[in-house]
Amino acid sequence: MKKIYFTVINELVYDQRMIRICGTLSRQNYKVVLVGRKFKGAARLQPHDFQQVRLRCRFVKGQLLYIEFNIRLFFFLLFKKMDALCAIDLDTILPCYWVSRIKGIPGIYDAHELFCEMKEVRNRKHIYRFWKKIERFAVPRFKLGYTVNLPIAQEFKKMYNVDYAIVRNIAVLDNEKPQAAKTGAFLLYQGAVNEGRSFETLIPAMQHIDVPLIVYGDGNFMEAAKKLVEKYNVKSKVIFKGKVIPGALKKITPLATIGFTLFDREGMSNYYSLANRFFDYIHAGVPQICVDYPVYHEINAAFEVAVLISDLSSENIARQVNMLLSDTALYEKLRQNCVAARSVYNWQHEEKKLIEFYNKLLK
């Protein structure tokens with residue numbers, strides 16, 4: 001049985017994409033190990049068909065964390081037997097490159113995004129230069145890889161002359177169809193509370209919306225988001241619930257009235273994004289307010305599941321939310337389209353590309 005190691009720097013419990021990927025390959029008779037970082041106070045690991053390992057670090061943020069984790073990851077991997085090694089994003093790519101070279105095994109790069117084009121990276125000159133040097137060194141040496149959509153794959157081809165496959169972030173299709181009835185109206189944001197997610201305009205927009213916003217997630221913008229809530233006096237309207245495990249979140253999402261998939265226009269990573277939450281809302285039958293960026297636009301043209309917006313001002317966000325709340329005909333149309341889109345956009349279809357990639361490589 002072929003053994004594949006996957007490496008991430010984040011907490012394993014909440015990583016839905018990696019749970020799907022590792023689960024799929026485990027069911028294809030690969031022995032799969034997912035390696036991540038142990039967070040203080042983290043939830044217990046959930047049982048899966050694959051092995052999970054969390055490495056402890058003394059540092060909790062900044063460059064020292066990345067350096068420490070990469071050193072620990074290198075020595076952990078160096079003494080493990082494996083047939084292939086996959087780095088998830090740029091922050092684990094160096095130990096995977098060197099270990100794959102030392103062992104003479106295939107090294108694979110799974111690029112969830114254009115890492116150096118994220119707002120929190122590109123707006124900090126020293127941080128940007130640090131990661132760009134790593135990217136320029138490592139990515140051209142990873143000829144095997146895949147990413148989440150065609151525009152990002154094209155950017156990697158243009159920058160580094162690598163031909164990466166495409167495996168999108170799509171939810172697993174279950175047998176239960178979303179129900180029309182909602183127990184109580186609320187707006188939902190789920191996912192990373194990070195820079196570039198338009199909280200600077202979403203939170204003040206809540207001054208003009210009578211339905212509460214519930215946020216499930218955490219990230220580097222959480223403290224700033226809470227300060228915005230205080231500044232705009234919307235504490236009764238914006239509720240932060242923190243992280244919840246994917247199984248629990250899957251039960252919560254269908255109860256929402258409207259979801260949000262918002263990203264600042266700044267940076268190619270946001271502009272070419274394809275967020276997990278976009279498909280999570282679709283599978284839950286929840287219409288959403290979504291940015292009118294290329295990949296979302298393409299999908300919405302096939303199945304109108306969202307109100308797409310280019311103007312991310314607070315005034316426009318509030319206007320579009322209130323419009324969708326009041327226009328019952330449009331709301332029901334979007335909801336029905338979500339139900340129809342599930343049969344086309346689902347992991348059961350998408351995982352075939354992943355299986356083909358690894359079977360071609362290892363079998």
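This is a predicted model: local features need pLDDT of at least 70, side-chain atom pairs count only at pLDDT 80 or more; totals for chains, interfaces and linings use all residues.

Colleague: Is Glu68 buried or exposed?

Modeller: Buried means under 20% relative accessible area, and exposed means over 50%. Glu68 has 11% and is therefore buried.

Colleague: Staying in α2, what makes Ile67 partly exposed?

Modeller: Ile67 sits in helix α2, residues 62-78. Its relative accessibility is 41%, and therefore Ile67 counts as partly exposed. Ile67 also belongs to a nonpolar surface patch of about 630 Å², together with Phe59, Leu64, Ile71, Phe75 and Phe79.

Colleague: How many salt bridges does the structure hold?

Modeller: There are 18. Another of them joins the side chains of Lys353 and Glu350, with 3.0 Å from N to O. These two residues are three apart in helix α15 (residues 347-362), so about one helical turn lies between them. Lys353 is partly exposed, because its relative accessible area is 36%, whereas Glu350 counts as buried because its value is 2%.

Colleague: Where in the chain are Lys119 and Asp264, and what makes you say that they link distant parts of it?

Modeller: First the contact: their side chains meet in a salt bridge at 2.7 Å, N to O. Lys119 is in helix α4 (residues 119-122), while Asp264 is in the loop between β11 (258-261) and α10 (268-271), and 145 residues separate the two. Lys119 has a relative accessible area of 13%, so Lys119 is buried. Asp264 is buried too, because its relative accessible area is 13%. Lys119 and Asp264 are also linked with Glu200 in a network of salt bridges.

Colleague: Let's turn to the strands. Why do you say that β8 and β9 pair?

Modeller: Two strands pair if DSSP finds at least two bridges between them. Four bridges join β8 (residues 187-190) to β9, and the strands run parallel. From β8 the chain crosses through helix α7 (residues 199-205) to β9, in a right-handed β-α-β crossover.

Colleague: What happens on the way from β9 to β10?

Modeller: Four bridges join β9 to β10 (residues 238-242), again in parallel, and Leu213 stands opposite Val238 in β10. Here the chain passes through helix α8 (residues 222-231), and this β-α-β crossover is right-handed.

Colleague: Which residues cover the faces of β9?

Modeller: Leu213 and Val215 are on one side of this strand (residues 213-216), Ile214 and Tyr216 are on the other, and all are buried.

Colleague: And what makes β3 and β7 edge strands?

Modeller: They belong to an open sheet of seven strands with parallel pairing, in the order β3-β2-β1-β4-β5-β6-β7. Strands β3 (51-55) and β7 (165-166) each pair on one side only. For β7 that partner is β6 (residues 144-147), over two bridges in the parallel sense, with Tyr146 opposite Ala165.

Colleague: Last one: how do you know that Cys290 is in no disulfide?

Modeller: A disulfide needs two cysteine sulfur atoms within 2.5 Å. The nearest cysteine sulfur to that of Cys290 belongs to Cys338 and is 11 Å away, which is too far for a bond. Cys290 counts as buried because its relative accessibility is 0%, and Cys338 is buried because its relative accessible area is 0%. The structure holds zero disulfides.

Technical notes: Residues are numbered from 1 along each chain as its sequence is written. Side-chain values use heavy atoms; hydrogens and water are left out. Patches are made of residues with over 30% relative accessible area and no salt bridge: like charges are joined within 9 Å, nonpolar side chains (Val, Leu, Ile, Met, Phe, Trp, Tyr) within 5 Å. Accessible areas come from the Shrake-Rupley method with a 1.4 Å probe; for residues, only the protein chains shown count as cover. A salt bridge is a side-chain nitrogen of Lys or Arg within 4 Å of a carboxyl oxygen of Asp or Glu. Buried means under 20% relative accessible area, exposed over 50%, partly exposed in between (1.4 Å probe, protein chains only). A crossover is right-handed if, with the strands pointing away from the viewer, the path from the first strand over the helix to the second runs clockwise.
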